[in-house]
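Here's a quick briefing to read with the model open in your viewer.

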Amino acid sequence: MANSSRDLNPVPSPRTPTPSSERRAAPPAFSSPLANRFSPQLTPTAKRTLTDSFHQSGISSPTPLPPSSLPSSSSAAAALPSSSVLPASDGKNAVGSPYQILNGSTEASTSAASLHGSQSPDITSVPMLYKQNNSRTNSPAQFNTPPGPPVFGSPLRPPAAPFSPMPTAPQPGGTAHFSEIPFTSPTRPGVLLPTSSLPTVYSNGASEPHLDIVENLDKAGLVAASPYVLFSAHKVMKQKKSGVIPTIGFGALVSPGREIAPGPQTVQHNPHRCHNCGAYVNLYCSIIPSSGEWKCVICKKLNSSESEYRAASRDDLRNWPELSSTVVDYVETDMRRPGFVPVSDSRMSAPIIIVIDECLDEPHLQHLQSSLHAFVDSLPPTTRIGIVTYGRTVSVYDFSETGLASADMLPGSKSPSQDSLKTMIYGTGVYLAPLHVSLNVAHTVFSALRPYKGEHPEAARDRCLGTAVEIALALIQGPSAEMPRGMVKRSGGSCRIMVCAGGPNTFGPGAVPYSLSHPNYAYMEKKAMKWMDHLGHEARRHDTVVDIFCAGTCPVRIPILQPLAKASGGVLILHDDFGEAFGVNLQRAAKRAAGSQGIFEIRCSDGIYVSRVIGPGEEAHLDAHETFKNDNSISIQMLGVEETQSFAVSMEQKRDIKENHVFFQFAAHYTNVNRANISRVITIILPTTDILSAYLESIEGEVAAVLIAKRAVLQANNPSDAANMRLAIDERIKDITSKFGTQVPKVKLQRFPKELSLLPEYLFHLRRGPLFGSIIGHEDERSVLRNLFLPASFDLSLRMLAPRVLMHREGGTFEELPAYDLAMQSDAAVVLDHGTDVFIWLGADLASQEGKSAAALAACRTLAEEITEQRFPAPRILSFKEGSSQARYISSRLIPAHKDPPYEQEARFPQLRTLTAEQRTKLKSSFLHLDDLSFCEWMRSMKLVPPEPS
């Protein structure tokens, strides 16, 4: 802890002993109310019940146990689980390396057994990246909470094991917490019992927790952590042979960089970590208030807190945020300014370099100029920008010349030499400048751009995109490229290179022939992809993200450009033109919060292991982390730390689970845009069950569907793979029904389990939608969508998986309906949100009424902008009328339920009951006959009965 001057003469409380100079101060009081927030994990009704039960059980304000409730030699039989080590795994359940990140590659991972005696050879045992922190502050630890209990003096805490805090995301208030009374021997007060026989005494005085209290605590933890972690089920099956996990899957979607308000509890001191496995202290740990020792929930080992958690009573332990909140942010500020937490206004803005294709025709160029003018006007005045254009040569614009567009030119046929870069960087030109002094020059440069005047077709024009990105990266490095990395003062967050491309890279490094019929195209494509991937990794090594924004009708060769964006942690987005959606995505890409140097860690209770992680990351290097004695965690190097991204973590069972609960801990360490090192620690407890129906009822259909979809999309790299994945989805539905479904009386059919009624319809949307279906014509478009879907947050992933339909009603209100084509009623307006696209459909009868159609269209447009206001990438918003050629965009995404019998239509689309017989006849006659199967027809084609609608 920090050296600090403290008030050693506080007014003592009548309930506490007089503090001595050898006892440590307790931290300020901390309040951790339950977050009153709707969560996909719990319904509002469940949350109200949860809150009421908390008040009834008294967890929020427990009272000290009477002396009579202390454990005696006869009542201390219930001990915490032993920390004995299981035999090593025989490898029968090996599923390959868990680091199958985005591109589907499986990297050989170092056996944890060889490093730490791990029980699972499929998991690389890599602890987190640490950074030695020897800083000392001149003030006590700061908390954003009111003053607390009396101050106790104690010897200063020595520095903890070296660690590196990195960013995390905010979270709602913490959950109620219970802790243990001092563990003492019945015969020798104050003597600690052996770890394997510590009696567990909970706040109700029993040696085992009261079932209601545990259930409430579990739900409270899920509520608090739901902005960051969503599990596919709220329970875990005890029996491995139940077959639930292999059939349905089990895992979590983790968004470690998400920012919400209010954020997580913030702690400005080094975290206490288990010396055995590296796990963090948390609200579920057993604490001995008399000594401050705590028991790890992952490995069950006892650890010292250097007397920091010494307290007069169990109630005082709640004053530490890490002991009362499911999500905690540990913040390490600038070493030279101890105790100072920078805010967004004072952050050192990361530079942005705009790389522009100058081989555009006039219509595209005009739209691009308008978008660029609006883009620079939207940036903060302190943002440093640079402008680079490319064609056959690369032009780097100089901001030292005011009133005219002046540029230095470099050849694009080869990578720039070090001499030419030094001449430019150390010359008199100014290529990166704050916007408040360079805005006029930037507008002048954009206005001076001219359309392509050559005779070559759009796809055959010389474009040296690779060389332009190399030069932009050199500008960001500047003179620091020749300095040791540790000596460079770096900006907060990641620098950005934003490429505006209208065609393929056909000239210079990383180029491919413009014609696919070139005899050496396959070889040159493979060589170009390898070069672009290397350039992307080089950009990430310098904390620079490369975002590529493509537009127009010219093919840009997505397989060549995608490795550059992916390896750097950026995105590649396709647009129809350089108009509105293009400009909005430029603005949102530049403003989205991002951190750098991120490490993501996953720890689970013994009996559960991580089989696969899908997301924006790759396996972390062993030499980058401190190694704990028996650390079996999964460590991932994050390509970027953004709130719009998530990791899909798939888990499996090693063996049968005997415990009543299992624990999961997720930790993200990164440097945020304010140059503060953050460690966000999320700890969740889930109950186990041996009752199959209870487990099935705990499954979250939406989360389970997204996890299944991400695993399937990861394996679909070409049209042939997509066809195989559609068949795999069919087989999964059959397998689930055969194991957990019910037999329909009098017929040889099985009904899909009602507890999972949402799952089959989501998977049906997956197999026929843009990710696997034939809605999108070109494979490049499907490839871009898949690469956006894999790292996407839960909300965006769900919308890309299955569309959301909203029907406009009188008075400007909207009604949410199932995604069936029965919503396309001629007298209505419909909004369909499909993640990367939002469509507004006007029925023919409504469109014929000019006044009403204009009002409905305006209301739909406003709604579309509101529901996608924070979404990245920003979707295109299209509106059209019934009967137009564009109407196929919406009809192809809706389930053709008009083919089902009337009784099934009414059961699954209750809004039909409000229509008159004439309206229903007219609606039925408006549909064309298609070969597409409806959801019910698809289920029957597999000889299954669809689940009853929920």
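What follows is a short tour of two topics, helix packing and aromatic pairs.

Keep in mind that this is a predicted model. Helix 10 and helix 11 pack with their axes 7 Å apart, and the structure also holds 18 aromatic pairs. Two of those pairs share Phe-666, which pairs with Phe-231 and with Phe-600.

**Helix 10 against helix 11**

- Helix 10 covers residues 521–541 and helix 11 covers residues 558–568, and the angle between the two is about 20°.
- That angle is under the 35 degrees cut-off, so helix 10 and helix 11 count as roughly parallel to each other.
- The crossing of helix 10 past helix 11 is right-handed.
- On the helix 10 side, the residues making the contact include Glu-525, Ala-528, Met-529, Met-532, Asp-533 and Leu-535, along with Gly-536, His-537, Ala-539 and Arg-540.
- Helix 11 contributes Pro-559, Ile-560, Leu-561, Pro-563, Leu-564, Ala-567 and Ser-568.
- Sorted by class, the contact of these helices has 11 nonpolar residues, 3 polar ones and 3 charged ones.

**His-534**

- You'll find His-534 in helix 10.
- With a relative accessible area of 53%, His-534 is over the 50% cut-off and so counts as exposed.
- His-534 and Pro-563 are 29 residues apart in sequence, while their C-alpha atoms are 8.5 Å apart in space.

**Aromatic pairs around Phe-666**

- A pair of aromatic rings is described by two things, the distance of the centres and the angle of the planes.
- For Phe-231 and Phe-666, the ring centres are 6.2 Å apart and the planes sit at 50°, so this pair is tilted.
- Phe-231 belongs to strand 1 (residues 229–231) and Phe-666 to strand 23 (residues 661–671), so their pairing ties together parts 435 residues apart in sequence.
- Phe-231 and Phe-666 are both buried.
- For Phe-600 and Phe-666, the centres are 6.4 Å apart with the planes at 10°, so this one is stacked.
- Phe-600 lies in strand 17 (residues 594–604) and Phe-666 in strand 23, so here the parts tied together are 66 residues apart in sequence.

**The cluster**

- Which residues form one aromatic cluster? They are Phe-231, Phe-250, Phe-600, Phe-647, Phe-664 and Phe-666.

Terms used
Residues numbered from 1 in each chain as written. Predicted model: local features only at pLDDT ≥ 70, side-chain atom pairs only at ≥ 80, totals over all residues. Heavy atoms only, no water. Axes fitted to C-alpha atoms, helices over the stretch in contact; angles between N-to-C directions. Helix = DSSP H or I, 4+ residues; strand = E, 2+ residues; numbered from the N terminus. Parallel < 35°, antiparallel > 145°, perpendicular 65-115°, else oblique. Left-handed = near helix turned anticlockwise from the far one by under 90°. Contact = heavy atoms within 4.5 Å. Nonpolar A, V, L, I, M, F, W, Y, C, P; charged D, E, K, R; others polar. Buried < 20%, exposed > 50% of the residue type's maximum accessible area, 1.4 Å probe, protein only. Phe/Tyr/Trp six-rings, centres within 6.5 Å; stacked < 30°, edge-to-face > 60°.
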